[in-house]
Amino acid sequence: MYKKKENLYGYIFILPWIIGFLGLTLGPLLFSLVGSFTNYNVTSQMDFVGFANYKEMFMYDDLFWTSLYNTLYFVAFSVPLTTIAAILISTLMNQDIPGMRIFRTIYYLPAILSGVGVYLLWMQLLDPSTGLINQFLALFGIDGPNWLFDAEWSKPSLIMMKLWSAGGSMLLYLAAMQGVSKTLYEAAIMDGASRVQMFFRITLPMVTPIIFFDIVTSTIGSFQIFQEAYVMSADNAGAPENSLLFYNLYMWINAFNVFDMGYAMAMSWILFIIVLILTIINFKFARRWVHYEGD
Amino acid sequence: MKRFLFLILAAVFVLSACGGFQIGDSEGSNSSEEDSASGETEGSDAEGSNGETVTLDFWSFWGSEQRRPVIDKIIEDFNNSQDEIEVQHTYVPWGDIWTKNLAAIAAGDPPDVIINDINTVKLRAQEGQMEPITEFVDSDVQNRFYDQMTEATMHEDEMYALPFNTDTQILFYNKDLFEEAGLDPEDPPSTWAEAEEYATQLDVEEGGSYERIGFYPLIGAGSDVWMMNALGENYVSPEGDVKIDTEPVHDTFNWILEQKNKYGENTITSINSQFENAQQDPFMAGNIGMMVQNANYYVQLRDFGQDINFGVAPLPEKEEGNGHTSWGGGFVAEIPKGAKDPEASYKFIEFLTNHDSQLYWAENNFDLVAHEEAGNSAAESDEFSESGREVYSLMVENMDNTLLTPQPLVAPDFASTVNPTFESIISENTTVEAGLEKAQSDLERIVENNR
């Protein structure tokens, strides 16, 4: 009897969350699944059109493929590069030298600053003729590229910009590294291990669970890139030459510019499936390289 | 107990899912009727006939220090002009306003009046996002506006909005530099060839790089503006006729590329980035002799470029007799679908677009208004300086040359498809021939699919 009552309280306490989840997450989710098989335009029509949206997407819509390519390109480069950058920075930040707190704060700051302001700042830095980056390159006689104005450089520019916010993951790695037992390093030093050996044989394996977590979450996050492209190609979404037409941006155009919400919903489900498959693959591979203490 | 909880949760879930399904024409209009009915019984939004005032929610994106007081004054004048309707202004930032509007319409609780883009009126009308206003509009009101603006608010013989303001692209040129180069400062170029010729005289080249450029078509205007200038019409008609792979358009791109190769990529990038960074404006600094800009650029010259001695002219034409065609956009005041009292809303948008409100807006914002006569009055207004009147007069006159480009219903998202190809031609990754052929066939295919 006591147990039952306790269960009831439990349910009551999580009821707000359950209602929120059902009403605000699961409801819209299923609604969008149904909507993806319709010509839903938000205001006046919602006729069942079968697989027409999906067929259009895969067979006729070149921009769907362009946006998918752009997004995969971005994920493929930005996830590994930010992960490596975050590990390297946190390794540096894990040293025991005076004033380290200041450095940690400095490197973490970019993770706090985000959004449109930062993108505008980067647009100035990346400016081909007056930007700091090209002016710096000019000191070495290098004629810098046109960055955001050049279809070949626009995606690398965004990836480079993303590296700046590696400070967020750095904090996680730093916490993990500080959690590695000192006795392991002491034993290694006794055995005459070098610092590089200690990094690859002790530190790195011990933080693999965090690396795994970081890769999974940043992959999902990178697939949803939108704001950067929306701000940085403001006049002409996706410019130059559609090189910044990312998946979510194109989905947004379909939903809110041309009111083809059914099509946008279908696109969102394809994105969901792609991300789901990649996450499953991530988990399958994780068994081979992620090391859990106590395993 | 578990089963009971499950039932509650299931019910909540089903209800929440059903909420989303309350759409469709018949249901949508039902719910809006219910809305207005409940509004009346509650009292606050009751009809004027009951002796109480209707409160209207008006959404605009005019929140700047310059514009907000002007629109608020017009609203105040309207509220004081009668005692049946009370308008409240809600400022919703640019970028959010239209997605919020769409969500509000879907939720059955839209604003009563909203300022929206003129070129997408037909699309919104087709998608059932607006209340038609034909029954309220009399011919006097309909004839207030420039014809092309009225036309842009029509869909299937119904009028859906009243035009509010517009703009146009004109040529700005530096009279002092003209004099210095031995050109007549009162005789701006009138054809592409003349523009090119004058530009060469205005150019200042030193050590292989340009210190000053005379004229480059793509500063201040896109290739689409020049395509329209050459064609005398938009390259895709509302019915879906595509005129991209045509001689005038070929000439346009060849002409632009010629200028680009003369100055070189670096010079162009450098000038463009000076504009984007809002550091020293290259036109005010005297680094450009002539350029096409939205006529509103005058405000910047007035406020920040005191020393500059400039003149204005219509866009040069492709060759004599081809027409000085320019491009403009603009905004309308419209009533979102499901608004509680369209008639009251209409009274307000009628007031917004009457002669006095429009003149007040024009004088205080130096903005080209949709009301033709109010525009003519503004062109002679004492509120402006002499140069202000000169520019405003040209803006008004230039409406004869100005095209609006309502989004064709058969290809609403044509820009995402063809613009990259145009960009690719300008960056010389594609030849003019191959690029235009591709853009033409891409757009034709979209039109075909949507028909």
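Tutor: We will go through the interface, then turn to chain B. This is a predicted model, in which local features need pLDDT of at least 70, side-chain atom pairs count only at pLDDT 80 or more, and totals for chains, interfaces and linings use all residues. Residues are numbered from 1 along each chain as its sequence is written, chains are lettered from A and ligands numbered from 1 in the order in which they are written, and side-chain values use heavy atoms, leaving out hydrogens and water.

Student: How many residues of chain A are in contact with chain B?
Tutor: Contact means heavy atoms within 4.5 Å. Here 44 residues of chain A are in contact with 42 residues of chain B.

Student: What area do chain A and chain B bury between them?
Tutor: The size of an interface is often given as the accessible area lost when the parts come together. That loss, summed over both parts with a 1.4 Å probe, is the buried area. Chain A and chain B bury about 3600 Å², with 62% on carbon and sulfur atoms. Thr43(A), Glu241(A) and Phe259(A) supply 18% of the area chain A buries against chain B, more than any other three residues.

Student: Which residue forms a salt bridge with Asp62(A)?
Tutor: A salt bridge puts a side-chain nitrogen of Lys or Arg within 4 Å of a carboxyl oxygen of Asp or Glu. Arg445(B) is the partner, with the closest N and O atoms 3.3 Å apart. The count between chain A and chain B is 1 salt bridge.

Student: How much of chain B is buried?
Tutor: Buried means under 20% relative accessible area (1.4 Å probe, protein chains only). Buried residues make up 53% of the 451 residues in chain B.

Key. Buried area = accessible area lost by both parts, 1.4 Å probe. Buried < 20%, exposed > 50% of the residue type's maximum accessible area, 1.4 Å probe, protein only.
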